[in-house]
Amino acid sequence: MTDRAVSFDRSLDRARMGRARHARLVDAMAAQELDVLVLLGQGNVNYATGARMPDADQAQALHGRAVAAVTADGAPPIVWTSAPERVPPHLGTDVRPSLDLEWDDGAAQLCDALPPGRLAVDDLTVPLWRALADRDPQDASVALGAAKICKTADELECIRRAQAINEAAIAAIEPAVTSGVTGAGLTGHFVRQILELGASGSTVDPVWQVMASSIAGGPYSATGDLVFPTVTTEAPFHAGDVVFVDTGIHYEGYQSDYGHTWVVGGDVDARHREHCQRWLDTVDAVLEVAKPGATGRDLTRAAGEVYGRRPWLSHLYLAHGTGTESAEMPFVGTDLGDEFDASIVLAPGMVLVLEPVIWEDGRGGFRSEQIIAVTDDGFESLSHLRYEAYGVDR
Amino acid sequence: MASTAEHLTRTRAAMADAGVDVLVLGREGNARYVSGANRLWLAGTRPFAPSCVVVGDTGAVHLLSVTDDGVPPEIPTTSLYPISWNPLNLVTAAANAAAGTTVRSVGVDGISPLFATLLRGVFPDAELVDGESLLRAVRRVKTRDDVSAIRAAVAVAEAAFQAVVATAGPGVSATTLSGVFAQRMGELGVTTPAFAPVITVTGDRVAARVGVLRDGWAGVLARTWPDGETLAGSVATAVGALRPGVRLSEVAGDAVTVHGVGLGHEELAGTDILEAGMVLFVGVERDGGWWGDTVLVTDAGAEVLTSG
């Protein structure tokens, strides 16, 4: 933390959060008749134990990862890590020296140390896959999804904080978004801001995509639909560019998700305002039905059609969950289809990142994101984006 | 770009030697090696999913990507498949890539119980084998173009590191210095770190370990100042022992860390024998300080790619 860090007025009890997550995992394991859960994904290890390794590129993260094992008897979990100081004490976790699962030796040692019984894993290296072959490992995704889908108050506070930092960092860099600035330069500026504001790291290479006004005028599309996101380059922005923004940072390992649309130079015209208003109207229609008991299908129906198309990207979703992964259950509006959406029933504690995309082909469009947590009788917004540039006070 | 063709040639030769018909890859470094594609960078681990497919017989490379933006022109748009939330669609895309060829062996660089089942379903006559070891061996010795790309990454890492040195001083926190590194990296046109900067400030002593990925290739260095000379000396001694034919465990150990550098971190075992063209990070950590360099193994010994 630095003296610039964003301050928070709600409390966060990390020990209580850790105990609640562990208890939910143990319950989910019982429901799936699992005795042992082996976790390699670093978001899952954090969920189960609170242990978080430093941010790194995938290859480095695989090399340095912590590994966790949770047992259905509710005993303290085991973590194998090179950074024991990063394992919080609240669960009485059994901390052991790191095992390198990229090699047969480490995989065999893990195998020997695991308790007996029906076992599930979230991911496997090839050596661990070979080593565990006799144990017929099950897929952990159902148990993990069941445990993680509804957040505790402390988890919600982590997301709230991550989002507040992300929003403050964007507010700090937005004045720099002018003609001649490059996306890469903006990224450097942004990452410096989030660190100084108290984030634990950036999750994704920030996206500042200059949108062509038509799908055909943009990059090749394998779906025929709008292409988003593309990778940030050194190309400079120009006045009048419509920029789709997407960034994500984390706090205590919980993810923010900030999306917005900028008009470089600030010359917002009637068309931009109309697209923004259509986006807000779409979100409002979805929020109208967002309460416990509503289904994902209710949300997609509420979103309806705008300019003759479903108002989200066909290769992505209308909404996704967020937590220790930037996109996790529940997913709404994916290619899993309408029946899947109908099977998603909102419940208190679920988090939804609503990300409709308004697109009027030939005249461009608007994309932003709003994060909500489902409450006992409706929803609470975890994000606080501003639309004054579009003449909307909200 | 020139290297990608060479990468694919090497990969197909290794596949032929090992009797692997198809590679189904989930790791970004592997996918980038065979395809040259620059896809959106994400921090951290992610579960295995088929995001790149190599067919040995035809040389076809299929990629999970909704667009050809960032994809080399050698890969036709017909070889791109969009992201799907239905895992079956992803293994079907892998099977489509190999349509018309006989598939008896599928190499994977990771797996999950679900994808093991689904891959066996779409490749019913094939066994699933270790594709990660295969690519590790292929990627180990760099091409001339690979080394040029690593040199360029090292140059960015060093230039961004110079901004850290220039900013360090009384009252300047490690967090600020990490931010300065990220900001300078962005000004130099690079947005992807090899890892989050590891910086400690103890009194007037600063220890920093930093790395960037430029076009996917890593450049890494570690420095401590003031009083970094003995650490530097230890690294120089270790580097002095590098030459083809030396076993890695003869150099690494005690306080000396050695790992591969390429498209990010690359795994090496203590039993690996050094060859000319390998690129290594050689580092020492002691007494709260560290020092390390990115080093190219040459016919004569080793060339330190980092400077100063």
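The model is predicted, so please read every value here as computed from it. Between them, chain A and chain B bury about 5100 Å², and the second largest pocket holds about 750 Å³ of space.

**The interface between the chains**

- On the chain A side, 60 residues are in contact with 65 residues of chain B.
- Carbon and sulfur atoms account for 61% of the area buried between the two chains.
- Polar links are there too: 24 residue pairs are in polar contact across the interface, counting pairs with both residues at pLDDT 80 or more.
- The elements of chain A giving two or more residues to this side are the helices α3 (58–64), α5 (126–131) and α8 (183–196), along with the strand β6 (138–139).
- α8(A) supplies the largest share, with 9 residues.
- By class, the chain A side has 26 nonpolar, 20 polar and 14 charged residues.

**Salt bridges**

- Chain A and chain B are joined by 3 salt bridges.
- One of them pairs E102(A) with R136(B), with 2.8 Å between the closest N and O atoms.

**The second largest pocket**

- Its lining is made up of 48 residues, and those nearest the centre are R32(B), T192(B), L213(B), D215(B) and G216(B).
- Both chains contribute elements with two or more lining residues: α3 from chain A, and α2 (28–35), α5 (131–140), β9 (205–214), β11 (256–262) and β12 (264–266) from chain B.
- The lining divides into 18 charged, 16 nonpolar and 14 polar residues.

Notes. Residues are numbered from 1 along each chain as its sequence is written. Chains are lettered from A and ligands numbered from 1 in the order in which they are written. This is a predicted model: local features need pLDDT of at least 70, side-chain atom pairs count only at pLDDT 80 or more; totals for chains, interfaces and linings use all residues. Side-chain values use heavy atoms; hydrogens and water are left out. Contact means heavy atoms within 4.5 Å. Buried area is the accessible area (1.4 Å probe) that two parts lose on being put together, summed over both. A salt bridge is a side-chain nitrogen of Lys or Arg within 4 Å of a carboxyl oxygen of Asp or Glu. A polar contact is a pair of N or O atoms within 3.5 Å; within protein, one must be able to donate a hydrogen and the other to accept it, and residues adjacent in sequence count only if both atoms are side-chain atoms. Helices (H or I, at least four residues) and strands (E, at least two) are DSSP runs, numbered from the N terminus. Ala, Val, Leu, Ile, Met, Phe, Trp, Tyr, Cys and Pro count as nonpolar, Asp, Glu, Lys and Arg as charged, and the others, Gly among them, as polar. On a 1 Å grid over the protein atoms alone, a cavity is a set of points where a 1.4 Å probe fits but cannot get out, and a pocket is an open set with protein on both sides within 12 Å along at least five of seven lines; lining residues have an atom within 4 Å of a point. Grid points are joined across faces, edges and corners, and a volume is the space filled by probe spheres set on the points.
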